[in-house]
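Dear colleague,

Please find below the structure that I am handing over to you. My notes on it follow.

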Amino acid sequence: NPEQRSWAFQTLNVSAQLRGRRNIVGAISFAPSPGVKRRTIYDAQFSENLPGKLVRGEGDPPSTDEAVNEAYDYAGATYDLFYEIFDRNSIDDKGLRLDSTVHYGIKYDNAFWNGDQMVYGDGDGELFQRFTKSIDVIAHELTHGVTQYEAGLQYYAESGALNESFSDVFGALVKQKSKNQTAEAADWIIGEGLLAPAVKGVGIRSLKAPGTAYDDPVLGKDPQPAYMKDKYTGTEDNAGVHINSGIPNHAFYLAAVEIGGYAWEKAGKIWYITLRDRLRANANFKTAANTTIKVAGELYGNNSKEQKAVQNAWQKVGVIK
Ligand code: ASN
Ligand code: ZN
C-alpha cells in the first residue's frame, strides 16, 4: 500500500515533520504527499444521512457494489488528471481526502458536491440511472470542490454558469483523457449512459452542440443555449446556472478544437490557470473571455494560434466582439 509506505516514510523524515500541524487534541497530522490519493467511499443505504457507512478506503480491494467502485475509480481518474496535467494535489491542492457517498436517498435523481464531499443518488430508473455511471459526472462534482477552493464562483447567474461550465469542462477532459481522445474525436457529451433506456437522448449536456443532448416527452428538451443571443434571462435554476453554462461550454469546445490535439494539454491548461489564479467570485462571461485570452497569450504568446483560437471561440458565441 503506497499510502501506508509514504506515511511511514514521513515519520522518519524531518522536513516532513516541519510540515506537521498540531490538531485540536495535540496530535500531529501531516500533509499527505503529492500524488497520493486518499479516497473514502460511504454508503448512505438509501437514507439522506451523510456521510453514511464507510465501505471502501484507499487501497482496499473492490467492493461487490459497482456504485462504490465507480465512485472510487472515477474519483481516482479525476485526481490523476488534476495531478498529472496541472500539478494539483486534490481539491484543495493540499491533498484533501476525497469523500463520496453512494446510494443517497431513495431513487434520488441527482449528484452533488455539498461543500465537503460528493454525493450520488441511484436515479429513479425511469429518467436517470445511478449517477456514478458516468466518469464525467464524477469529475464534474469534484471540480465544484476545486472551484470552491479557487475562484469561488458565486452559484448564481453568469458567475454560477461559469462555475457549472468549469465543472463540465474538466468533466469532459477527464473522460477524454480516460479514452485517450483528441478534441476532434471526442463526443463532448456530459452524462453519457446516465439517461434511462426509455429516455430520448444521449446524455445530460453537450459542449459541442448545447441544446441537443435530449428531447423527451417526460424530461423535456435540453434547454441550453450556445450563443449569447439565446441566453436565458429568467430566475429558474439560480438564474440559469445549468442552462447558460452552454455558452462558455461551447466556447471551450470551439477553442479546444481549433487548437487541436488533446484538449487537456492546452485549452485545459488555459482554463485551469484562469480558474486557479485569475477569476474572482463575481466573474461574468466577459471577464472569463478576456481572462482566458490573456492567459493564452501568457502561456503560448500574444497572437499565437492558441490565443487566436480562444478569442475566436468567445467571439463566435457572442460574448465579445
Ligand atoms: N448535479 C448538480 C450539479 O452538480 C447538482 C446541483 O444542481 N448543484 O450541478
Ligand atoms: Zn454542477
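**Helix packing, domains and ligand shell**

A251, L254, A255, E258 and I259 in α7 meet K305, E306, A309, V310, N312, A313, W314 and K316 in α10; two residues are in contact if their C-beta atoms, placed from the backbone, lie within 7 Å. Helices (H or I, at least four residues) and strands (E, at least two) are DSSP runs, numbered from the N terminus. Eight nonpolar, one polar and four charged residues make up this contact of α7 with α10. Ala, Val, Leu, Ile, Met, Phe, Trp, Tyr, Cys and Pro count as nonpolar, Asp, Glu, Lys and Arg as charged, and the others, Gly among them, as polar.

The model is predicted: local features need pLDDT of at least 70, side-chain atom pairs count only at pLDDT 80 or more, and totals for chains, interfaces and linings use all residues. Residues are numbered from 1 along each chain as its sequence is written, while chains are lettered from A and ligands numbered from 1 in the order in which they are written.

The protein chain has two parts, domain 1 (35-133) and domain 2 (157-316), with bounds from an automatic or database domain assignment. Their contact takes 12 residues from domain 1 and 14 residues from domain 2. On the side of domain 1 that touches domain 2, seven residues are nonpolar, three polar and two charged.

Around ligand 1 are N110, A111, F112, H140, E141, H144 and E164, a residue being near if its C-beta atom, placed from the backbone, lies within 6 Å. Helix α4 gives the most to this shell, with three residues.

Yours sincerely
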